[in-house]
Amino acid sequence: MKSFLCYDVAMEGQKPYLAMLFIQFAYAGMALFSKAAIAKGMNPYVFVVYRQAFASLALAPFAFFFERKKDAPLSYNLLCKIFFISLCGITLSLNLYYVAINYTSATFAAATTNLIPAITFIMAALLRMESITIKHLHGMAKVLGAAVGVCGALVFAFVKGPPIKLYWYSGTEKSSSNSSILGSSGVEWIKGSLFMLLANSTWSLWLVLQGPIIKQYQAKLRLTALQCFFSCLQSTVVAIAVDRHPSAWKIGWDIHLLSVAYCGIIVTGITYWLQVWAIEKKGPVFTSMFTPLALIITAIISAFLWKESLYCGSIGGAILLVGGLYSVLWGKNKEDSKSEMDKQRQVIKEEVILECITHV
């Protein structure tokens with residue numbers, strides 16, 4: 001019985017890690033499906049609208065049945081906060097991301113997306129939601145791990161080196177998107193870089209703001225469904241403003257429908273809810289630190305499906321990235337353990353004082 005309880009406690013502690021791994025696999029699938037749909041001519045702004053609509057429809061029944069008895073009053077002030085968070089974190093970040101790709105390249109987009117952990121760490125530290133104690137080993141591990149992880153992501157994206165010929169690969173090497181970087185004009189490149197930085201910053205802000213909003217509205221499924229619904233309305237306005245042709249909204253039984261269904265139900269619906277849950281358990285920095293793994297997973301899947309070459313630079317970047325991730329997680333785990341021990345000492349101290357007062 002005791003061993004069963006220990007196993008149950010251990011599995012409970014592993015759930016946030018398993019949830020984040022699932023999320024990154026889902027994001028890797030999103031990159032593959034989105035690439036296929038947009039390459040086939042689907043408007044990216046319309047893609048966001050349909051994706052958010054599918055997510056809202058998928059989450060609404062679960063939010064109603066599983067949380068209908070939950071006492072979570074929704075005031076006008078709180079509704080405005082959720083609307084604002086949806087605008088910043090989901091609507092703006094997704095649409096700005098697609099605008100930035102038009103000015104830069106897919107490689108640059110993938111690389112800068114991995115700056116999200118660093119941006120989130122800085123935001124959380126400035127808002128006093130994440131502690132930085134470089135006097136302790138775990139604090140130094142968090143700061144250095146974040147820096148190493150970002151460097152690894154940049155090396156993974158930009159440093160090629162000699163290709164690694166895999167046994168299933170026999171074709172000619174596909175052209176790198178780095179050529180598109182060289183061909184971009186300076187003005188467009190700077191504009192795209194600013195858009196991408198803004199997109200990543202708004203997503204980081206969404207991660208950071210989830211913590212305070214969860215404390216005010218603890219029905220997580222309803223919260224996620226509301227954010228998806230508001231984002232759908234906001235993205236519709238954006239899509240209509242950008243492209244007013246009715247033909248852009250047509251969708252059939254093809255890769256377009258499959259992509260928006262996958263991205264809406266699996267990615268926007270399930271993973272957003274899992275992220276909200278993980279943020280409540282471990283905080284925004286823990287959640288964002290897993291972001292770079294999606295890039296590695298996407299590259300591996302692409303190598304299998306499309307026979308794309310892996311490069312020595314990519315392998316080196318992946319090692320740095322995983323090392324940085326492990327360092328941050330180790331520091332975070334040690335910090336949580338220390339915090340828990342401090343709480344236990346405080347409880348014991350209060351009990352001893354109370355016992356002394358009672359005896360007196």
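Gln234 lies in helix 9, which spans residues 220–242. Helices here are DSSP runs of H or I with at least four residues, numbered from the N terminus. This is a predicted model: local features need pLDDT of at least 70, side-chain atom pairs count only at pLDDT 80 or more, and totals for chains, interfaces and linings use all residues. Residues are numbered from 1 along each chain as its sequence is written, and side-chain values use heavy atoms, with hydrogens and water left out.

**Gln234**
- Gln234 counts as buried because its relative accessibility is 8%; buried means under 20% relative accessible area, exposed over 50%, and partly exposed in between, with a 1.4 Å probe and protein chains only.
- Beyond its neighbours within four places in sequence, Gln234 is in contact with Phe83, Ser86, Leu87 and Thr91. Contact means heavy atoms within 4.5 Å.
- The Gln234 side chain reaches the backbone nitrogen of Leu87 at 3.4 Å.

**Helix 2 and helix 9**
- Helix 2 covers residues 44–67 and packs with helix 9 at an angle of about 160°, their axes 8 Å apart. Axes are lines fitted to C-alpha atoms over the stretch in contact, and angles run from 0 to 180 degrees between N-to-C directions.
- The two helices are therefore roughly antiparallel, a label for angles over 145 degrees.

**Cysteines**
- A search of the whole structure finds zero disulfides, a disulfide being a pair of cysteine sulfur atoms within 2.5 Å.
- Cys228 is in no disulfide; its nearest cysteine sulfur, that of Cys232, is 9.2 Å away.
- Cys228 is buried, at 0% relative accessible area.
- Cys151 is partly exposed, at 44%.

Methods: A polar contact is a pair of N or O atoms within 3.5 Å; within protein, one must be able to donate a hydrogen and the other to accept it, and residues adjacent in sequence count only if both atoms are side-chain atoms. Angles under 35 degrees count as roughly parallel, over 145 as roughly antiparallel, 65 to 115 as roughly perpendicular and the rest as oblique.
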